[in-house]
Amino acid sequence: MNQKKIELAKDPDLAASWVAIRRAAKRAEQVALSTNTELVVQRNGECVHVKPNAKPMPR
């Protein structure tokens, strides 16, 4: 597995993908908070349902 940071990739789309993923995660958290629904996230290799709260999730 490649251990280099994705931000250092030669392909500009790949280099910017991590920022886009984080932006999408933040938006999903905002939507879940406003609709009072749970997020489905992966933790320790398992899918879990998480209630969003007003404070940001640890990244």
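Val31 sits in helix H1, where helices (H or I, at least four residues) and strands (E, at least two) are DSSP runs numbered from the N terminus. Since this is a predicted model, local features need pLDDT of at least 70 and side-chain atom pairs count only at pLDDT 80 or more, while totals for chains, interfaces and linings use all residues. Residues are numbered from 1 along each chain as its sequence is written, and side-chain values use heavy atoms, with hydrogens and water left out.

Back to Val31: with a relative accessible area of 35%, Val31 is partly exposed, a label for anything between buried (under 20% relative accessible area) and exposed (over 50%), using a 1.4 Å probe and protein chains only. Val31 and Pro52 are 21 residues apart in sequence, and their C-alpha atoms are 9.5 Å apart in space. Leu33 also belongs to helix H1 and counts as partly exposed, at 44% relative accessibility.

Leu14 counts as partly exposed because its relative accessibility is 41%. Together with Ile6, Trp18 and Ile21, Leu14 makes up a nonpolar patch on the surface, and the four share about 350 Å² of accessible area. As for what a patch is, the residues need over 30% relative accessible area and no salt bridge; like charges are joined within 9 Å, and nonpolar side chains (Val, Leu, Ile, Met, Phe, Trp, Tyr) within 5 Å. A salt bridge, in turn, is a side-chain nitrogen of Lys or Arg within 4 Å of a carboxyl oxygen of Asp or Glu.

On to the loop between H1 and E1, which is where Asn36 lies. Asn36 is not a glycine, yet it has a positive phi of about 55 degrees. With 59% relative accessibility, Asn36 counts as exposed.

Next come the strands. E1 (residues 39–43) and E2 (residues 46–50) run antiparallel and are joined by 5 bridges; two strands pair if DSSP finds at least two bridges between them. Gln42 stands opposite Cys47 in E2, and Arg43 stands opposite Glu46 in E2. The hairpin of E1 and E2 has 2 residues between the strands. Asn44 lies in that loop between E1 and E2 and, although not a glycine, takes a positive phi of about 55 degrees. Asn44 is exposed, its relative accessible area being 82%.

Zooming out, the protein has 1 helix and 2 strands, and from the N terminus on the order of elements is α-β-β. Of its 59 residues, 15% count as buried. Contacts (heavy atoms within 4.5 Å) can be sorted by sequence distance: among those between residues at least 6 apart in sequence, 19% join residues at least 24 apart. The accessible surface of the protein comes to about 5400 Å², and 57% of that belongs to carbon and sulfur atoms. These areas come from the Shrake-Rupley method with a 1.4 Å probe, and for residues only the protein chains shown count as cover.
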